[in-house]
Amino acid sequence: MSTSTSTPSHILTGPHLHIAWSTRILSVIRDIMVLFVKECPPLWSTFLQGSRNPRADMEGPYYIMGAPDRQVEDGKAVLATAEELKAYSPYLMTIVVTSPKGTPVPHATFDWWQADGAGSYSNTTYRFRGKFKADVRGVVEVLTVAPGEYGPQGYQRAGHFHVIIGPGPEAKSLEPLTTQLYVCPDNDANKMGTDFLNYVRSPRRGNMNQSWGISAANGSVPFKGFPELDVADTETVARVARWNQKLTGDGLRIVAGAQTEIRLNEKGWSLL
């Protein structure tokens, strides 16, 4: 059975869809074109998107075309199965997409891919990959897991979500944004200092999530050393409660998460 988003608890069922060899080959060709043409490391920070939007980041080599729809409700998406959530713990990422003036971008689109909690990407299935949309307020809630770090010793990349955000049909004057959202233990941005991408662009410390945790859902231990969710943040507390109600049947609860606002640029002149 292919992955589904229609179960009563809104958790994906497996197995994940297989990626055809033809899609993998086309994706590699696309990735090479993006690296050397669209992003072009020598120019990315000074002339391309890295200079125009402080939340931009390079795409990286693991993008796969044709990711499935992961929408479960208006402005809500799920990237993991119950088994994956149990293995790595549920993390709730909330993103608000706005225009340069701070107004919401309704139905902004997302193309998302990430490593699992152990830092491994799947390039043979659409595991932890998917597309979805924000609601009319430009808000999307993504139930997933905190991605693990990966890379050779001394050059590790902090865990991160890869995201390509599109403006949607109601904000055609805005341009898409490619970014990465980092998840560092203890919310310590210094852990981004070993990133081997720092050799081709400056560290994107502004893209580090200020994650919160819920110790009571993690055996009374702070998840990855994150500070406790502030109970005065009633909006987030209510958001977590709604998701926990959906997760009850699977014996799961949100252990951590973050929220961030990302502003898209107006379309304008650029080299590409």
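**View A. Pro-104 counts as partly exposed, with 49% relative accessibility.** For this and later views, buried means under 20% relative accessible area, exposed means over 50%, and partly exposed lies in between (1.4 Å probe, protein chains only). Please keep in mind that this is a predicted model, in which local features need pLDDT of at least 70 and side-chain atom pairs count only at pLDDT 80 or more, while totals for chains, interfaces and linings use all residues. Residues are numbered from 1 along each chain as its sequence is written, and side-chain values use heavy atoms, with hydrogens and water left out. To find Pro-104, look in the loop between strand 3 and strand 4. Helices (H or I, at least four residues) and strands (E, at least two) are DSSP runs, numbered from the N terminus. Setting aside neighbours within four places in sequence, Pro-104 is in contact with Val-97, Thr-98, Arg-137 and Gly-138, where contact means heavy atoms within 4.5 Å. Follow the chain to Gly-119, 15 residues apart from Pro-104, and the two C-alpha atoms are separated by 33 Å.

View B. The C-alpha trace spans about 50 × 45 × 45 Å along its principal axes. Of the 272 residues, 53% count as buried. Among contacts between residues at least 6 apart in sequence, 73% join residues at least 24 apart. The protein exposes about 12,000 Å², and carbon and sulfur atoms supply 59% of that area; accessible areas come from the Shrake-Rupley method with a 1.4 Å probe, and for residues only the protein chains shown count as cover. There are 27 positive and 26 negative side chains, and the centres of the two sets lie 3 Å apart. Lys and Arg count as positive and Asp and Glu as negative, leaving out His and the chain ends; each charge is placed at NZ of Lys, CZ of Arg, CG of Asp or CD of Glu.

**View C. An open, mixed sheet is built from 6 strands in the order 1-2-6-3-10-9.** Its edges are strand 1 (71-73) and strand 9 (212-213), each of which pairs on one side only. Two strands pair if DSSP finds at least two bridges between them. Strand 3 (residues 90-98) meets strand 6 in the antiparallel sense over 7 bridges, with Met-93 opposite Val-142. Strand 3 also runs parallel to strand 10 (residues 256-263), over 8 bridges. There, Leu-92 has Gly-257 as its bridge partner. Strand 9 joins strand 10 in the antiparallel sense over 2 bridges, and Trp-212 likewise stands opposite Gly-257.

**View D. Strand 6 is largely enclosed by the rest of the structure, because 7 of its 7 residues are buried.** In a regular strand the side chains alternate between the two faces of the sheet. Here Val-139, Glu-141, Leu-143 and Val-145 point one way, while Val-140, Val-142 and Thr-144 point the other way. Strand 2 (residues 76-78) runs parallel to strand 6 (residues 139-145), and 3 bridges join them. Look for Lys-76 with its bridge partner Glu-141, and for Val-78 with Leu-143.

View E. Phe-128 is buried, with a relative accessible area of 1%. Ser-220 is exposed, at a relative accessible area of 62%.

**View F. Gly-154 sits in the loop between strand 6 and strand 7 (159-166).** Gly-154 counts as partly exposed, at 40% relative accessibility. Thr-194 is 40 residues apart from Gly-154 along the chain, and their C-alpha atoms are separated by 6.0 Å.
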